[in-house]
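Reader: Could you take me through the aromatic rings of this structure, giving the reasoning behind each label?

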Amino acid sequence: MYRTHNCGALRIENVGEEVTLSGWLQTSRDFGGMTFIDLRDRYGITQLVFNMDDDADLCQKARKLGREFVLKATGKVRERSNKNPNRNTGDIEIEVTALDVLNASKVPPFTIENDTDGGDDLRMKYRYLDLRREQVQNNIIFRSQLALETRKHLSGEGFIEVETPNLIKSTPEGARDFVVPSRMNPGQFYALPQSPQTFKQILMVAGLDKYFQIVKCFRDEDLRADRQPEFTQIDCEMSFVTQDEILATFERLTKHLFKSTIGVKLGDFPRMEYDEAMKLYGSDKPDIRFGMQFVEFNDVAKGHGFAVFDNAEMVVGICAEGQAESYSNKHIKELTAWMQRPQIGAKGLVYVKWNNDGSVKSSVGKFYSDEQLMTWLEKAGAKKGDMLLILSGEDEKTRKRLNELRLEMGRRMGLMKEGDFKPLWVVDFPLLEWDEESGRFHAMHHPFTSPKKEEVDRMLNGDHETMKSLKADAYDLVINGVEIGGGSIRIHDRALQSRNFDLLGFSKEEAEAQFGFLLGAFEYGAPPHGGIAFGFDRLCAVLNGQNSIRDFIAFPKNNQGRDMMIDAPSPIHDEQLEELSIDLRKQEAH
RNA sequence: AGUGCUGUAACUCAACGGCUAGAGUACCCGACUGUCUCUCGGGAAGUUGCGGGUUCAAAUCCCGUCAGCACUGCCA
C-alpha cells in the first residue's frame, strides 16, 4: 500500500496513529543530527522527521534525497513541539520508521513553488512540473468544477449533452479552418470545427429541443493571451424560444456558476444596445465596473478657430474624476505618447483641467476662453479637480482610441477592482459588417443569424447605409470588459435564409454547395430556434480575475501556436505525405 | 503580415563602449538536534541566443536572423 492518508489530511486528532504517506519531496532541512522533509501531494504538505538518535541509517538516507524525489514514508503521527500555523497540517509531523524512494528526480529547472522563478517558456516546456504547483493545479481543478457545475445546471434545466463530429467540412465564412487531409479521399480535406454551429441547428431540426456541449473549437488565426488555436466552448441551442428566454436561461447559468464556484451572488444583468455601447464606450464589450462614459463635444468645440477640431468628424472625450492635480505636464506628455503608439495611433490628446482652486487649464487654452471650456466641463458633468481628456478625428476610429484611453485610465485610477463583477448583455448587434478588403458585406455573427423582425422588409431594398444599420437578434454576454459569449436567434425560414445569402453575396449554387445540408434540413420542418456559446477558458480566467487563459488549460500552446512540450507542429514522414497524396511546395532556400 | 519589449550561470536579474562579466536563488562538499525563506563555511558553474559589421576595445553601438512575450491587423 502506498498511502493510508494524503499529505493534507492529518491533524492533531490523528496523533498516535501509524500512517503511510506518498508524495514528492518539496524541500528538506538538514541539521546533521536531525532532518525535516516536507512531503507534498495535491492535497497539501506534511512534515516528516528523521532523528539520528532514533535511527541513524534512516536519517542518513533522508539526508541524501533531492527535490522532487518521489517518496513513501511510514511512521507515527506526533504533535509538534514547534507548530507551524501557516499550514493545515502544521500541528503534527510524522516520526518516520520506514522510507522508500519510489523514484529519484533530476533537479527541476525551476522551483515548484507558488512564486516560481520560471519564465513562461520554461514553464510550458516542462508543463508537467508547472502543473505540480499549487496555483496551476488549483486552476485546473477549478476548471473541472466549472465544467461539472455547468453540466449539473444545464442538465437540471432539461438540456441534453450531444457530441458533434470533429472532422467536418470547410466553409469560407469566418475564421480560417484547420484542415485535415483525407487518406481515403485523395485531394480532399476535412476541417476542424470553428464551432458546432450547423450541427446544433440540425439537432434542433431533429427535435432535441435543448442541446448543450462542452466542446473543443478550432480557429487558425493569430493568437493572444486570451486566444488559443483550440479552445473550449459551452455550446447551447434551444427550440421554440425568444431572445428573452435564451438570455434568461443563460443568465441563470452564469449566476449559478458564479455562486457555486466562487460564492459570488450576481444581481440581474443589465442590457445595452450595441449602438449605445459604441456611443458611450467605443466598444462592443464595455467594462462597466466604472463609468467614464464618452461625452461628445462637436457642438461646443467646433467653429472657434481650432482647425484640428473644426476639421474633425468627431470630438469626443472622457472625464477622469479627481485627476486634474495628479497629471502634470510630464504625465500628460507621457499619456499622449502612449496614445500615439502605432497600436493605438492617436494623433494627439487634448486635456482640460478644472483645478481645485477653480481655475481652468487646457492644452487648447489659446483657442477657447475659460468660459467656453467651462461649458465643456459642464457638459461632461465635471467637478472641481476633474480632468477632461479629448480626442478628435474620424468618428469610429476616434471612439475606438478613446475606448483604449478609457480602459487605461480605468487601470491607472484603480477602477477595475478585483472581485468586482459587472456582467452586461449587449444586444441588437448589426446583422452585417462591411468588409473593406473584399468590398462586400459579411455576417457580423454568422450567416444564419436572424434579422430583427421589423428589419425583414428593409433587407433587400436598402442602400449601403441601410444595410449597415440592419439589426439582428444577436447578443453577447460581457463581464468586466471581456466577451464571455455570444449567440443569436437563427433563421429557420428557407426564404428568409436565401434573402440573407443574397445580401452576403452568395449565389444560389454557392449557398447550396456550402450549406446545402442545413438548407435541406430546414425544408423538413425546422422549429424556430436560437442559441449561445460561452468561451469556457475565458470564463475560467474572468472568474479568477485573470487575463490569460493559458493558466487554465492543462497543455496550452504558445504565441506561435506551438506546443512547447511535445514540440508540435512538426514535419511528417514522406511516406505519410505519399499516403495522403500531398506534395509539399519546396521551401525557398534561406 | 506589422509594431514594441526581452534574450547574460540551471533560474531570476545586474554590469557608463574600457579591470578576470557579478549578485540572489538553486546545485555540490563540509559543519550543525526543532526547522519550516534554517544557519554558517567552502566550491563548481558563462559560446552574454546566433551570424556579420563599426571600434584600439562590444554583453553594451549598427545590420541581419532566431526565439519568447505583449499588442495591431486577423479572430462570422
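Predicted model: local features only at pLDDT ≥ 70, side-chain atom pairs only at ≥ 80, totals over all residues.

Author: Residues are numbered from 1 along each chain as its sequence is written, chains are lettered from A and ligands numbered from 1 in the order in which they are written, and side-chain values use heavy atoms, with hydrogens and water left out.

Reader: How many aromatic pairs does a search of the whole structure find?

Author: The search finds 19 aromatic pairs, where rings of Phe, Tyr and Trp (its six-membered ring) pair if their centres lie within 6.5 Å, and planes under 30 degrees apart count as stacked, over 60 as edge-to-face and the rest as tilted.

Reader: Why is the pair of Tyr126 and Tyr128 called edge-to-face?

Author: The ring centres of Tyr126 and Tyr128 are 6.2 Å apart and their planes stand at 80°, so the pair is edge-to-face.

Reader: What makes Phe441 count as buried?

Author: Buried means under 20% relative accessible area, exposed over 50% and partly exposed in between (1.4 Å probe, protein chains only); Phe441 has 5% relative accessibility, and therefore counts as buried, whereas Trp434, at 32%, counts as partly exposed.

Reader: How do you know that the charged end of Arg406 sits over the ring of Phe290?

Author: The term requires NZ of Lys or CZ of Arg within 6 Å of the ring centre and within 35 degrees of the ring normal; the charged end of Arg406 sits over the Phe290 ring, 4.1 Å from its centre.
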